[in-house]
Amino acid sequence: MSASGSSVPLSPEEEAVMRALGRFLLVVPRALDADLMREQRMSASEYSVLRHLSETPDRLMRMSELAAACDMSLSGMTRLAAKLESLGYLERIRCEEDARGANAVLTDAGLERLREAWPTHLASVRRHIFDHLGDLDLKQLAVAFSAMATD
């Protein structure tokens, strides 16, 4: 067994971090979603789709890439994209490189809707996350989270 996978018991501090992280991973996403639903009538998943599309060139992504970016199944993304399309926030078009694939394109209305929801999301993120971090080194924390996510 490698050193990183050793069976050395966790220290009390490590155990406390593990338990707090587990609770955080359950509670905070629900809280962020609830704030968006209450104030914007938009789910965190809908917000995530609009945000990802807004950050890409031409506001366009393959549906499969968008699903992966939003940590959703392709069938789940297809259902969500259909809802957002019915609201006028995105369009689905055939992929030029692969006729079997589809792209999602953020519409002007979708970008405007994202801009409307952004202040609510920002306030929620500050209240549920950053207001609790105090003097922690945010650069170091970001590096640690990134390393965990790619491990």
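The side chains of Arg 38 and Glu 39 form a salt bridge, with 3.9 Å from N to O. The model described here is predicted. Across the whole structure, a search finds nine salt bridges.

**A network of salt bridges**

- Asp 35, Arg 38, Glu 39 and Arg 127 are linked in a network of salt bridges.
- Glu 39, at a relative accessible area of 47%, is partly exposed.
- Another bridge joins the side chains of Asp 35 and Arg 127, at 2.5 Å from N to O. This pair links distant parts of the chain: Asp 35 belongs to helix α1 (residues 12-40) and Arg 127 to helix α5, and they are 92 residues apart.
- Asp 35 counts as buried, with 5% relative accessibility, whereas Arg 127 counts as partly exposed at 37%.

**A bridge between helices α2 and α4**

- The side chains of Glu 46 and Lys 83 also meet in a salt bridge, with an N to O distance of 2.5 Å. Glu 46 lies in helix α2 and Lys 83 in helix α4, so the pair links distant parts of the chain, 37 residues apart.
- Glu 46 is buried, with a relative accessible area of 6%, while Lys 83 is partly exposed at 42% relative accessibility.

**Nonpolar cores**

- In soluble globular proteins, nonpolar side chains tend to be buried together.
- The largest nonpolar core here has 22 residues. Those that touch the most other members are Val 49, Leu 50, Leu 53, Leu 66, Met 77, Leu 84 and Leu 90.
- Two or more residues of this core come from each of α2 (44-54), α3 (63-69), α4 (74-86), β3 (102-106) and α5 (108-128).
- Leaving out residues up to four places away in sequence, Leu 66 touches Val 49, His 52, Leu 53, Met 61, Met 77 and Ala 104.
- There is also a second, separate core of five residues, which includes Val 28, Leu 32, Ile 129 and Leu 133.

**Leu 114 in helix α5**

- Leu 114 is part of helix α5. With a relative accessible area of 8%, Leu 114 is buried, because the cut-off for buried is under 20%.
- Apart from neighbours within four places in sequence, Leu 114 contacts Tyr 47, Leu 50, Arg 51 and Ser 54.
- One of these contacts, Tyr 47, is 67 residues from Leu 114 along the chain, yet their C-alpha atoms are separated by 6.8 Å.

**Helix α4**

- At 1.5 Å a residue, the 13 residues of α4 should span 18 Å, and the end C-alpha atoms are 18 Å apart, which agrees.
- The buried residues in α4 include Gly 76, Met 77, Leu 80, Ala 81 and Leu 84. Viewed down the helix axis, the buried residues of α4 fall within an arc of 130 degrees, so they line one face of the helix.
- These buried residues pack against α2, α3 and β2 (90-94).
- On the face of α4 turned away from the buried side are the exposed residues Arg 79 and Ser 86.
- Just after α4 comes Gly 88, which takes a positive phi of about 85 degrees.

Notes. Residues are numbered from 1 along each chain as its sequence is written. This is a predicted model: local features need pLDDT of at least 70, side-chain atom pairs count only at pLDDT 80 or more; totals for chains, interfaces and linings use all residues. Side-chain values use heavy atoms; hydrogens and water are left out. A nonpolar core is a set of buried Ala, Val, Leu, Ile, Met, Phe, Trp, Tyr and Cys residues joined through side-chain atoms within 4.5 Å. Buried means under 20% relative accessible area, exposed over 50%, partly exposed in between (1.4 Å probe, protein chains only). Helices (H or I, at least four residues) and strands (E, at least two) are DSSP runs, numbered from the N terminus. Contact means heavy atoms within 4.5 Å. A salt bridge is a side-chain nitrogen of Lys or Arg within 4 Å of a carboxyl oxygen of Asp or Glu. The expected span of a helix is 1.5 Å times one less than its number of residues. The arc is that of the directions from the helix axis to the C-beta atoms.
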